Every structure is written in C-alpha cells, then in structure tokens.
Amino acid sequence: MDAIQVSLERRFQDEANDKNNVGIRIMWPRLVANKFLRKGLGSNNFVTDFPSTDESILEIPSLDEEPSLSHNTTIFDHDRKETQNYKVFVSTWNAGGVAPNKDLDMEDWLDTHNISCDIYVLGFQEIVPLRASNILGSENNKVSMKWNSLIRETLNKKLENQIIKKGKKSTDQSSNNVPQDFRCIISKQMVGIFISVWVRINLRPYIRHPSVSCVGCGIMGCLGNKGSVSVRFQLHETSFCFICSHLASGDREGDEKHRNSDIAEIFSRTSFPGGGPSLNLPSNILDHDRVILLGDLNYRISLPEATTRFLVDTGEWKTLLENDQLRAEEMNGQVLQGWHEGAIKFAPTYKYCPNSDEYYACVQGKKGKKGRAPAWCDRIIWYGKELKQHIYSRGESKLSDHRPVKAIFTAQVDILRSLKGIQGFFLSDRFERITSQFQMSLQDDIICSKPRSSSFTS
C-alpha cells in the first residue's frame, strides 16, 4: 500500500505542477481516497422547479385539440401507440470561467424571436474558473443560479410581454407565481460543467423518471474539472438522454487519444437507476431512445498552426474539416461509431480573444504564451433514429473565448393512448365545471354546518 501511495503522490505532484493546478498538491490524500474508493462526484440530487416529483403521475396524452368527453367516446379504449413530434433546442457553451452579468442578451442565442421549441437543453463548461478551490472545494452554485435566472427570463419573456400589454402584470415576482411558458425540470452542476433542461409547461404532466449521473475524468482520472453531467427523463413512452461533456484539453499530437479515453470512461461509468423489474428503465447511455452528446469535446485540427490560421482566414471549411480530429477518429473507428453530426457551415468556435471577434494568437516575445489555433471544439452530435436536425449553427456572444453552438431537432415520441377517454374527461371543460360545482356545494355545506354565534353574552 505504501508503494502505491508514494506512486500516486508522485503522479499527483506532477499534475499539480501545471499552472492550472498549482496549490492542489497539498490536498493529495483526499484525491487518493477518491481514486481508491471511486467516490462519486456530486450526487443524484438536482435542482428543479418541481421538487416533489411524483414518479406515479398519470400520463395524459397531449392532443392538438383540447379533449372532451362526448357521447360517442369510450372511456376505456384499447391501448395503442401513436407518435408525435416535438422540437428540441440543444446548445453548448464554454463560458471560460466568466460569470454572466444580468444584462447578458440571450435572445439571439436562443433565437426566441423566430423559433419556439418544446424542450430546451443548455449545457455549459467552465461556468467557474477551474482552480483548486473550485475543483476540490464545496460546490458553488451562485453562478449556475445566475444562468438559470437568465434562461428563465429569456424563455418566458414573450408571455410576460403579453401580460404587460394586457395590464395584468403580477406584483408577485417569484418564479412560482409569475405565469411561465417554460419551467426547469432538471438542473445539475459538477464543478464547471452545468446542464439545465426546460420544457413547455403543458408537457410537465408527461415527464417521468428524471435522473442525473456525474462522471469525473479530470485530475487523476476522477475529479470533475473534466468529465460529464448526464440527464435522462421519459417523455410519454420515449426516453431521452443528454450528455454534457468537457473532455481533455491539449493541442499536442496524440492528445486526441485522451479525449477518446474520456468518452469511453463517460459511457462506461454513466449509470441511471433502473427502477426495478416493474419499470425496467434504461440504465446506460445507449439504452435510451433519443441520445444527444453536447459539449466542449476539445478535438482540434491536425494541421500546422500557420496553415490552420490561413485556411480559417480564407474560409476553407472543407479542407479544415478534412483534418478535424473528431471526424478522423470516428472514421478510423476509434470513437463514437454510429453517431451523427450535422454539416458544419460555421467558423471554428475556439479560441477568441476576450470581448473580440479576433482569434487568439501567440504573443511574440512573451515566454510561456501558447498559440491556440482555431478549432471546432464545441460540438453537438446524436445517436439513434427518430431525431432529425434542422439547424446547426453558432452564436456570437463575446462573453468567453468560445462561441456557443446550437442545434434544433425534431424528436419523434411514442404516445400510448391508454385510458384515452377518461384522461380526456379529466382535461375537459366538463370536468372543470363538475369540480367547481362540487367545491361550491361543499363550501355551502361547511357554511351551513357551522354553529351560529349566540347573541347572549356571559
């Protein structure tokens, strides 16, 4: 054990010598414990607008028209499956350790003026600086709360404006009392990796079995400065899994193999609760029906830096993509076989100078300054059928040294029309009238049953 401990200490000290890990070496005993015990980062807990999630919610099918119980409706229909399409917005952004200010305009990024989706999945990397205190210390959720606040405001701005126009703006500004089109079903952070999932409010009754799984692939292969936060849920009868990842960095030859290794680790170690034999829920990533991987995958362009910069300046995307590491590794069968990515028709998303449209370049004459050649580090790819991508593009916010990437999909979802008639009745105006009348009748009974106050005084 002593020999292993010494070996681990030496390895940790070597890693700590990197300028990003200075100060961590004094905490190596905790890392050794993590390594041997495979201590899970984070937990299965997550933030949601619906903290008391009921796994046994009766699923009520979504219909184009409001259902009602008519004279020719059979209450107990035979089970049958139908399909329905939903629009899914997916985006990834490495925030570069920069916290957003309250004035950050996210409408252009989410494109809420032109497109309205049913589900929004937003993944982030480096929402906090990757320094020792953030990697090893307790989770700091102040920045993730800021992001969620901005997302909530942006997604619900259209409804809020409609309310303002009608002169019905509520004086109560808490998120639970202000009418909202979209609510958060899952939000989870692991160090700098953060994912937040929002759905249109009328979909909430059909969301079941939300869960999260965190995998750390960073320092010593287990810390959360690199790795993934995956979320899963079931919409009607179809399971979704979204993997927000931040893979190993580095632009030296062979560094792509470390990224391949990270993906293999994420796929092997990500696990969700199966729910027992009665539910038989998917436990692994690829067991799900619709799977999307998003994040700063960090794959670079295998060309000399000067050549890469020249081709970027001249907009030669085709030549650059022919030398893209991710595509090369896929074609060689090294990683993500059978996965799909849309056509890239936008400029590389990394690495920019702060608050600038200029790519970062080596500073001449300054020792230690590395030139980071432009690359498509930030990607969105998917696995399986019944996902159709319509948009694959980038945003232009200058908050960090990365540009956000976004995609819009149509996802086909299976719907089980079980108990269609009685479910329609529960959603109908008739049911609302009956319950209202019952409540009024009950209230009258309570009033009538109260003892009358006496006019006599003692």
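Where does Asp324 lie? Asp324 sits in the loop between α9 (317-322) and α10. Point 7 returns to this residue.

1. **Basis of the model.** This is a predicted model: local features need pLDDT of at least 70, side-chain atom pairs count only at pLDDT 80 or more, and totals for chains, interfaces and linings use all residues. Residues are numbered from 1 along each chain as its sequence is written, and side-chain values use heavy atoms, with hydrogens and water left out.

2. **Confidence.** pLDDT is the predictor's confidence in each residue, from 0 to 100. The chain has a mean pLDDT of 80, and 71% of its residues reach 70 or more. Residues 1-14 have a pLDDT below 50. Beyond near neighbours in sequence, that stretch has 15 contacts in the model; a contact means heavy atoms within 4.5 Å. Residues 363-368 also stay under 50. For residues 363-368 the model has 1 contact beyond four places in sequence.

3. **Overall make-up.** The chain has 12 helices and 12 strands. These are DSSP runs, numbered from the N terminus: helices are H or I with at least four residues, strands are E with at least two. Of the 458 residues, 48% count as buried. Buried means under 20% relative accessible area, exposed means over 50%, and partly exposed is in between (1.4 Å probe, protein chains only). Among contacts with a separation of 6 or more, 74% join residues 24 or more positions apart. The chain exposes about 23800 Å², and carbon and sulfur atoms supply 50% of this area. Accessible areas come from the Shrake-Rupley method with a 1.4 Å probe; for residues, only the protein chains shown count as cover.

4. **Helix α7.** This helix covers residues 255-269, 15 residues in total. From first C-alpha to last, α7 reaches 21 Å, close to the 21 Å expected at 1.5 Å a residue. The expected span is 1.5 Å times one less than the number of residues. Its buried residues are Asp255, Glu256, Arg259, Asn260, Asp262, Ile263 and Ile266. They lie on the same side of α7, because they cover an arc of only 160° around the axis. The arc is that of the directions from the helix axis to the C-beta atoms. An α-helix has 3.6 residues a turn, so residues three or four places apart point the same way. The buried residues of α7 pack against β5 (207-216), β6 (227-235), β7 (238-246) and α10 (325-331).

5. **Helix α8.** Which residues are buried in α8 (residues 305-313)? They are Thr308, Arg309, Leu311 and Val312. Seen down the axis of α8, these residues fall within an arc of 165°, so they line one face of the helix. The face turned away from the buried side carries the exposed residues Ala306, Phe310 and Asp313. The buried residues of α8 pack against α9. Just after α8, Gly315 takes a positive phi of about 70°.

6. **Strand β5.** Ser211 is found in strand β5. Ser211 counts as buried, at 6% relative accessibility. Ser211 and Phe233 are 22 residues apart in sequence, and their C-alpha atoms are 6.5 Å apart in space. Leaving aside neighbours within four places in sequence, Ser211 is in contact with residues including Phe46, Ile186 and Phe272. His209 also lies in β5. His209 is buried, at 5% relative accessibility.

7. **Asp324.** Asp324 counts as buried, at 0% relative accessibility. Leaving aside neighbours within four places in sequence, Asp324 is in contact with Arg300, Trp376 and Arg379.

8. **Backbone points to check.** Most residues other than glycine have a negative phi, and most peptide bonds are trans. Phi of His209 is near 55°, a positive value in a residue other than glycine. Val191 has a positive phi of about 55° and is not a glycine. Val191 lies in the loop between β3 (182-190) and β4 (193-200), and is buried, with a relative accessible area of 5%. The peptide bond from Tyr350 to Lys351 is cis, with omega near 0°. Lys351 lies in the loop between β9 (339-340) and β10 (378-383).

9. **Cysteines.** The structure holds 0 disulfides, a disulfide being a pair of cysteine sulfur atoms within 2.5 Å. Cys217 is in no disulfide; its nearest cysteine sulfur, that of Cys222, is 9.6 Å away. Cys217 counts as buried, at 10% relative accessibility. Cys222 is buried too, at 7%.
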